[in-house]
Amino acid sequence: MAAHQEKKLAEDRKHQNMQNDTKTSQGQWGRAWEVDWFSLASILFLLMFAPLIVYYFIMSCAQYQCSLTDPLLDLVTGNKHLSDIWNRTPMLTYRAAAIYSLWVTFQVFLYVSIPDFCHKFLPGYVGGVQEGAVTPAGVVNKYEINGLQAWIITHVLWFANASCFHFFSPTIIFDNWIPLLWCANILGYAVSTFAMIKGYFFPTNAKDCKITGNFFYDYMMGIEFNPRIGKWFDFKLFFNGRPGIVAWTLINLSFAAKQQELYGEVTSSMILVNVLQGIYVLDFFWNEAWYLKTIDICHDHFGWYLGWGDCVWLPYLYTLQGLYLVYHPVQLHTAYAVGVLMLGLLGYYVFRMTNHQKDLFRRTNGNCRIWGKKPEYIECSYMSVDGTKYYSKLMTSGFWGWARHFNYTGDLMGSLAYCLACGFEHMLPYFYIIYMTILLTHRCIRDEHRCSSKYGKDWKCYTAVVPYRLLPGIF
Ligand code: NDP
């Protein structure tokens with residue numbers, strides 16, 4: 001009887017939390033309803049310059065040995081004209097179009113056609129059909145979590161080809177890198193444009209759409225919250241994970257193969273980059289179900305920012321270190337390599353443990369142990385749009401007592417390690433840490449703005465107890 005009552009109470013609590021999330025999030029989730037001039041200016045800047053930035057980085061490797069300043073100097077001094085650089089840039093080829101089409105089709109096939117089997121034999125792995133967070137319209141989407149399986153199948157086939165079948169060279173990605181860039185752009189623009197048209201004319205869930213009326217803003221930040229085709233093809237989960245993150249490790253492997261072909265060896269720096277980024281990618285797929293609860297899925301709409309970003313920005317700029325090392329094969333001193341490895345592993349540990357602590361704390365409603373003790377927290381309340389009061393908790397112990405976004409700090413430590421693995425000769429490999437610092441600092445501010453309007457004075461109490469964002473005592 002007592003057990004029955006407890007179960008009912010737990011169910012009531014779960015139901016109340018769901019309602020709670022739904023109602024309050026109406027005002028707080030996602031992107032803005034109205035566009036201020038600063039957001040519009042930033043968006044126009046990104047729409048115009050982000051594709052050029054990607055092109056500039058890749059071109060400077062192909063034509064200027066990864067120097068970021070030489071192309072500019074050549075142009076400024078009149079040594080070269082834009083047309084000279086453009087004329088030396090490989091164009092779209094049938095071969096690249098065929099490789100890219102096959103690649104995307106294969107990933108779509110793995111995503112929609114093979115239900116997850118990994119969760120049946122991997123202890124602790126959460127896969128198969130999982131529920132996402134409640135959307136503002138009160139929908140709980142179901143997702144087929146099979147990214148780990150797709151990653152394993154793709155990589156097993158890659159290694160089988162490299163070692164036995166030899167249907168294609170493992171350098172295939174490097175060898176077609178710029179023609180593939182045009183293909184990735186075509187897909188990125190096509191999917192973003194399709195998502196916009198779909199949002200206007202046949203949205204998956206009209207109540208989960210936001211339209212500001214400003215074309216550029218809506219195109220960039222997206223209209224639909226969770227666009228889908230059919231029951232299972234979810235744009236956000238597919239595009240972020242599959243053409244983007246499954247490709248990440250394959251691209252690095254192709255760069256390593258190119259080093260082997262050019263220099264007869266794979267350098268320690270290339271191995272380090274492959275290993276550290278490989279851990280990060282595997283972690284993403286191992287925790288794909290957890291990813292359903294992150295800001296990307298819970299708050300962002302699907303527009304150019306995610307569509308083009310996942311197809312082009314992520315695979316091309318997150319892999320700059322490997323590309324750089326093809327042109328500059330850096331051999332690291334053992335002690336230095338071990339230092340970079342330690343930094344990368346420590347960063348990964350902090351990143352994972354911080355995320356894990358919050359996940360455990362929230363899942364158990366604080367009834368857990370963090371570093372061997374009961375967690376400390378601040379009780380906070382917030383009001384839904386209909387004026388009902390609800391309660392939540394913000395943890396102030398463990399890594400969450402050190403800083404308010406210590407998970408980002410871990411991420412940044414890992415990112416720095418990838419860059420340090422490339423030595424100090426050029427700026428280009430350091431783009432990643434600069435970009436991640438801007439991205440995650442902006443994310444801190446965005447998230448805190450939302451939390452502050454959600455929790456009001458309780459958020460102030462929390463920030464008084466945990467005063468720093470990323471680095472205790474500094475920021
Ligand atoms: P978080 O996982 O940090 O989630 C933020 C939310 O957690 C807040 O909105 C709040 O939600 C809740 N929260 C905040 N403080 C506390 C606390 N003290 N106790 C309990 N709950 C709290 O944010 P993200 O989704 O941005 O990040 C997830 C991970 O993904 C990070 O590790 C990040 O580094 C990584 N990432 C990597 C990127 C890459 O390109 N490599 C890009 C973006 C993220 P609520 O309203 O529920 O209270």
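This is a predicted model: local features need pLDDT of at least 70, side-chain atom pairs count only at pLDDT 80 or more; totals for chains, interfaces and linings use all residues.
Figure 1. The side chains of Thr267 and Ser269 are joined by a polar contact of 2.9 Å. Beyond its neighbours within four places in sequence, Thr267 is in contact with Gln259, Pro329, Val330 and Gln331.

Figure 2. Val281 belongs to helix 12, which spans residues 268-286. With a relative accessibility of 0%, Val281 counts as buried. Residues up to four places away in sequence being set aside, Val281 touches Trp151, Ile245, Trp248 and Thr249. A further pair in this view is Val281 and Ala150, which are 131 residues apart along the chain and have their C-alpha atoms separated by 12 Å.

**Figure 3. Ala133 in strand 1.** Ala133 is part of strand 1, residues 128-134. Its relative accessible area is 28%, so Ala133 is classed as partly exposed, a class that lies between the limits of 20% and 50%. Ala133 and Cys298 are separated by 165 residues in sequence, yet their C-alpha atoms are 6.4 Å apart in space. Cys298 is also one of the residues that Ala133 touches; the others are Val139, Val140, Leu292 and Lys293, with residues up to four places away in sequence not counted.

**Figure 4. Two loop residues with positive phi.** Gln65 has a phi near 55°, a positive value in a residue other than glycine. Gln65 is placed in the loop between helix 2 (37-64) and helix 3 (70-76), and at 42% relative accessibility it counts as partly exposed. For His166, phi is likewise near 55°, again positive in a residue other than glycine. His166 is located in the loop between helix 7 (147-165) and helix 8 (172-175). At 54% relative accessibility, His166 counts as exposed, the limit for that class being over 50%.

**Figure 5. Domain 1 and domain 2.** The protein is divided into domain 1, residues 90-329, and domain 2, residues 332-474. To the contact between them, domain 1 contributes 25 residues and domain 2 contributes 31 residues. The C-alpha centres of domain 1 and domain 2 are 24 Å apart.

**Figure 6. The shell of residues around the ligand.** Both domain 1 (90-329) and domain 2 (332-474) give residues to the shell around the ligand, and the ligand therefore lies between the two domains. There are 25 residues around the ligand, of which Tyr408, Asp411, Asp447, Arg450 and Tyr455 come nearest. Four elements each supply at least two residues of this shell: helix 17 (334-363), strand 6 (389-395), helix 19 (406-420) and helix 20 (431-455). Helix 20 provides the largest share, with 8 residues. Sorted by class, the shell comprises 14 nonpolar, 3 polar and 8 charged residues.

Figure 7. In the side chain of Asn355, an N or O atom is 3.0 Å from an oxygen atom of the ligand. For the side chain of Asn407, the corresponding distance from an N or O atom to an oxygen atom of the ligand is 2.9 Å. In the side chain of Arg443, an N or O atom is 2.7 Å from an oxygen atom of the ligand. The ligand on its own has 940 Å² of accessible area, and the protein covers 90% of that area.

**Figure 8. Arg352 in helix 17.** Arg352 lies in helix 17, one of the elements that supply at least two residues to the shell around the ligand. At 13% relative accessibility, Arg352 counts as buried, since the class takes values under 20%. Apart from residues up to four places away in sequence, Arg352 touches Asp283, Asn287 and Trp290.

Key
Residues are numbered from 1 along each chain as its sequence is written. Side-chain values use heavy atoms; hydrogens and water are left out. A residue is near a molecule or strand if one of its heavy atoms lies within 4 Å of it. A polar contact is a pair of N or O atoms within 3.5 Å; within protein, one must be able to donate a hydrogen and the other to accept it, and residues adjacent in sequence count only if both atoms are side-chain atoms. Accessible areas come from the Shrake-Rupley method with a 1.4 Å probe; for residues, only the protein chains shown count as cover. Ala, Val, Leu, Ile, Met, Phe, Trp, Tyr, Cys and Pro count as nonpolar, Asp, Glu, Lys and Arg as charged, and the others, Gly among them, as polar. Domain bounds come from an automatic or database domain assignment. Buried means under 20% relative accessible area, exposed over 50%, partly exposed in between (1.4 Å probe, protein chains only). Contact means heavy atoms within 4.5 Å.
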